[in-house]
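Trainee: I have a structure to go through. Can we take it one question at a time?

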Amino acid sequence: MRNRLAVWVLLFTISTAGFHPNQLMADALNEGKVLFKQRCAACHNIGGGRLVGPDLVGVSNRRSKNWLNSFIKAPMSMINGGDETAVALFEKFNKMPMPDQAISDSEINAILEYIQSKESPKLPEEKKTINKASVANVPAEPDI
């Protein structure tokens, strides 16, 4: 029994050696930064104003994770399917389509974490409450 316990302790020690939560967080943010630069930065800013597409500052406060995942992967499918928010954004940005992205949920999550890391800690309350009922009057900025 004593030998078993010693083996389990040794295995646990070996398996957790080098596990540093701060390093994992830094790695995830770095992955998000790289993905953002590769896939998003040509059309989007984070807090620098709109480019071809909307400024993404605060996007996670305005849209659900499920909506963002769906929209990022297949925006035209959502527009053609009649999603009110997607249609309003499409209209607002001169019907310039965002290309579909062959991207995993984990990659999208990394990008969203990176975007959140670039934001100020608090957004004004009125920007947190945008919902489908207010889509008809899509705010000037921020957009998504």
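**Aromatic pairs and salt bridges**

Mentor: W67 and F71 both lie in helix α4 (residues 65-73), 4 residues apart, which is about one turn of the helix. Helices here are DSSP runs of H or I with at least four residues, numbered from the N terminus. The model is predicted, so local features need pLDDT of at least 70 and side-chain atom pairs count only at pLDDT 80 or more, while totals for chains, interfaces and linings use all residues. Residues are numbered from 1 along each chain as its sequence is written, and side-chain values use heavy atoms, with hydrogens and water left out.

Trainee: Which kind of aromatic pair do W67 and F71 form?

Mentor: Rings of Phe, Tyr and Trp (its six-membered ring) pair if their centres lie within 6.5 Å; planes under 30 degrees apart count as stacked, over 60 as edge-to-face and the rest as tilted. For W67 and F71 the centres are 4.8 Å apart and the planes make 10°. The pair is stacked.

Trainee: How do the rings of F36 and Y114 pair?

Mentor: F36 is in helix α2 and Y114 in helix α7, 78 residues apart, so the pair links distant parts of the chain. Their ring centres are 5.8 Å apart and their planes stand at 50°, so the pair is tilted.

Trainee: Are F36 and Y114 buried or exposed?

Mentor: Buried means under 20% relative accessible area, exposed over 50%, and partly exposed in between (1.4 Å probe, protein chains only). By that rule, F36 and Y114 are both buried.

Trainee: Which residue forms a salt bridge with D105?

Mentor: A salt bridge is a side-chain nitrogen of Lys or Arg within 4 Å of a carboxyl oxygen of Asp or Glu. For D105, the closest N and O atoms of the pair are 2.5 Å apart. D105 is in helix α7 and its partner in helix α4, 32 residues apart. The partner is K73.

Trainee: How far apart are the closest N and O atoms of K95 and E91?

Mentor: K95 forms a salt bridge with E91. K95 is partly exposed at 48% relative accessibility, and E91 is partly exposed at 43%. The closest N and O atoms of K95 and E91 are apart by 3.9 Å.

How values were computed: Helix = DSSP H or I, 4+ residues; strand = E, 2+ residues; numbered from the N terminus.
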